[in-house]
Amino acid sequence: MNSGYTAVSRCTFAAVAVLALAACAPSGVSYSKDVQPILTKNCSECHAPGKEGYVASGLDTTSYASLMKGGKFGPLVKPGDALSSSLNMLVEGRAHASIRMPHGREKLPDADIETLKVWVNEGAKNN
Ligand code: HEC
C-alpha cells in the first residue's frame, strides 16, 4: 500500500521538475511554429512592403529570408548572439525608448521576448 503511494508522489515530483526546467530554459524553438507567429502578430502589420515600418526602416518581418536580410540599418539578427542582436534589443527595450518595438505599443509578453532570445541564441535557424 505504502509503496504505491510513494511511486505516485515521485512521479508527480518528476513531472513538476521537468515542467519547471522547461519553463526556465525553453529550447528547441522553431522559427515557423514559434517565432514567425510572434512577428506576424506584433510586427508585420507595419513591417511588410508598403507599410509604415517597412517604408521607414526597410525591414520586412513577413518571412525568414526578409527578416534575416534586415533593414536599411543593417542585419537585425546575429545568429547565436541575442545580446547584440537589434531584434532582441528592440523588443527587450534595451535600445533607446523612442525606437522600442512594437512602435508605440505595449511591450511584448515576457514569454515571447524569451522565445525570440532563445531562437537567436540557438543559431536563428530556419526550422
Ligand atoms: C505600429 C507600427 C509598427 C509596429 C507594430 C512595429 N514597428 Fe518597427 N518600426 C515602425 C516605424 C514607424 C519605424 C521607423 C521609425 C523609428 O525608427 O522609430 C520602425 C523601425 C523599426 C526598426 C529600425 C529601427 C532603427 O531605427 O534602427 C526595426 C529594427 C524595427 N522597427 C523592428 C520591429 C519589430 C521587430 C517589431 C515587432 C516586434 C516592430 N518593429 C513592430 C513601426 C512599427
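Helices (DSSP runs of H or I, at least four residues) and strands (runs of E, at least two) are numbered from the N terminus. By this rule the protein has 6 helices and 0 strands. Residues are numbered from 1 along each chain as its sequence is written. This is a predicted model, in which local features need pLDDT of at least 70, side-chain atom pairs count only at pLDDT 80 or more, and totals for chains, interfaces and linings use all residues.

**View 1. The whole chain and its confidence.** Along the sequence, the elements follow the pattern α-α-α-α-α-α. The pLDDT, the predictor's confidence in each residue from 0 to 100, averages 85 over the protein, and 80% of the residues score at least 70. Confidence is highest in helix H4 (residues 64–69), at a mean of 98, and lowest in H1, at 54. Where pLDDT is low, the predicted coordinates should not be read in detail. A residue is buried if 20 or more other C-beta atoms lie within 10 Å of its own, exposed if 12 or fewer, and partly exposed in between, with C-beta atoms placed from the backbone. Of the 127 residues, 23% count as buried.

**View 2. The largest nonpolar core.** Such a core is a set of buried Ala, Val, Leu, Ile, Met, Phe, Trp, Tyr and Cys residues joined through C-beta atoms within 7 Å. The largest one has 20 residues, and Val77, Leu87, Val91, Leu116, Trp119 and Val120 have the most contacts inside it. Helix H2 (31–42), H5 and helix H6 (110–121) each give two or more residues to this core. Two residues are in contact if their C-beta atoms, placed from the backbone, lie within 7 Å. Leaving aside residues up to four places away in sequence, Leu116 touches Val35, Ile38, Leu87, Asn88 and Val91.

View 3. Val35, Ile38 and Asn42 are buried in H2. Seen down the helix axis, the buried residues of H2 fall within an arc of 60°, so they line one face of the helix; the arc is that of the directions from the axis to the C-beta atoms. H6 is included in what covers them. Ser32, Lys33, Pro37 and Lys41 are exposed on the other side of H2.

**View 4. Ser30 and Trp119.** Ser30 is found in the loop between helix H1 (2–24) and H2. Ser30 is partly exposed because 14 other C-beta atoms lie within 10 Å. From C-alpha to C-alpha, Ser30 and Trp119 are 7.3 Å apart in space, although 89 residues apart in sequence.

View 5. Ser86 lies in helix H5 and counts as buried because it has 20 C-beta neighbours inside 10 Å. Ile99 is found in the loop between H5 and H6, and its 13 C-beta neighbours inside 10 Å make it partly exposed.
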